[in-house]
Amino acid sequence: MLKRILFLLMLAIVADSCNKSATSDDRLEFYHQQCESLIDCFDYNSLDTMSLQYLNELAGSNDSRHLAYAHFYRGATCLYTGRMEMASAELSLSKDYAAQIDNDSIVALALNSIGIHEATANNNLYLAQWYFVESLKHAQRTGYSKLECTIYGNLCTLAKLQNDTSLMSYVRESYDYGIEHEDQHVVFLAALNLGGMYGLKKEYDSACYYCQRAVDIGKQNGLNKLPIAYVALSEANLDLGNLEGADKWAQTAIDLAEKEADQMVLVNAYNKKAMVCSHKGMFSESNEWLYKALDMSEFIDMEKSKIYHLMAENYESLGMVEKALEFMRLSNESLESTNASDRERMKRERDVSFNVIDQERQLEFNRRQLQSRNLIIGGLVLLVVLLAFMLWMGIRVLRKRNALYERIVRQQIESVEREKVVENLPDISRPSEKSRRIYEEVCRLMEEERIYADPQISRESLAQKLGTNKTYLTNIISECSGGMNLSQFVNQYRLREALRLLSDKQYIDYPLKQMSSDLGFGSISTFYKLFQDKVGVTPSAYRKSFIKVSK
């Protein structure tokens, strides 16, 4: 009894432990899905809270997959909210946990975000590009197409800084992928990058179209990255010479970015507002916006040279030459980390990396094509074998059927030669003398006068011809023919004549439809049905077999 109680207690403990484990796994998966959804919407403020809860749930856990995801989400939210050192630490942890379990998808996510960190926080564009390319390799290895599109966008951003539009085909590919898979996150980012590329190509109408497309998608889907779309739209309008439109969209971007505390976008929005003011001749106001951008030093590394250069131009326009020279010097110094030779080297190495990636993609495509071709060939071989088997079976069935038809024809030919009817001759020995005489007269009318050929023959007409009543006639035929009614009796003669005609070489060309009519059948379908019921084959099959047998 005690052993049973202890056993039940152990079962309860194990069940409770399993239940808690399942519940914990469900909660972790919930946090993962929620964080993924928030990052898709660029909602980094909400992601900040959710990623922290995710990490707290993992306290003391050794689940490397969830730890890798949680640190990635934490790193991403720190990256986009200005906590650059923390972002770097969290993303490195994510990459390490993912590497432990060989999870290429999470490694790709972490490397991509580390690349963004290197570009924005350290202005190390060369290293940023290296991380993006490495991330792309991992994403392609695992078939993570959505992330591939994001990485192409980041590489495109670096290329734009060098006035390089060679990546436009990749961005177009990403845009088409987003449309095909109805992934508005991908379409939004690709539309922004297409707008920038068309701007570099000086196709400003197309640039405006794609920037407006990004704004519309952001509005329709509640994407929190809408301010960056307004910045791009402002730039496209500025390129078109539409200063009022450019000013409007830059101010809209500033208002939204300040409301959402999106400082990374705010730097770009201030810069764009300053450019509009400068084009309007409002040089002092332009510098005020630029000083606001400089106050957020942790976000301006990529834009610093442009900001200093515009400030120098503004001061020169205001006649403040010394200030202009100072900021021109600062602009040149900020370019030293990415001088022309470095930019050329980046482009050259990116081209090499992309050639390798394209070759790998082509090899993978060829491999899949070969697999598809082999599957098709295998399917065709199987189909040919199946068709051959079916043909062989069909021939066997046809041969058996023809042999059966030939036997039937031979039997019927013998019957015709012996002048026998299809049915056994009726026994007429038992009926009365009067009945026998009437029945013999009916048989004579059938055989000599061929009254069966009349399709209108009936009990009334036949009884009148014999001078008797129809009821008595019906009884006589039934009694003397072995139970047939008048219709069966008449059709017996018709079928016998049909067999005679079909078994005679002289009537080989006699049309079956005409034969049916001449023999008194109401329709050819009735003729076919009755003939097959009695003989076992259709009239046409009988004729074909007769021709074969007669040869």
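## Salt bridges

Helix 18 (residues 433-447) holds both Glu440 and Arg436, which sit four residues apart, about one turn of the helix; helices here are DSSP runs of H or I with at least four residues, numbered from the N terminus. Glu440 forms a salt bridge with Arg436, with the closest N and O atoms 2.6 Å apart. A salt bridge here is a side-chain nitrogen of Lys or Arg within 4 Å of a carboxyl oxygen of Asp or Glu. Glu440 is partly exposed at 35% relative accessible area, and Arg436 is partly exposed at 25% (buried is under 20%, exposed over 50%, partly exposed in between, with a 1.4 Å probe and protein chains only).

Arg444 and Glu449 also meet in a salt bridge, at 3.2 Å from N to O. Elsewhere, Glu244, Asp247, Lys273 and Lys280 are linked in a network of salt bridges. The whole structure has 22 salt bridges.

## Basis of the model

This is a predicted model, where local features need pLDDT of at least 70 and side-chain atom pairs count only at pLDDT 80 or more, while totals for chains, interfaces and linings use all residues. Residues are numbered from 1 along each chain as its sequence is written, and side-chain values use heavy atoms, leaving out hydrogens and water.

Conventions: Helix = DSSP H or I, 4+ residues; strand = E, 2+ residues; numbered from the N terminus.
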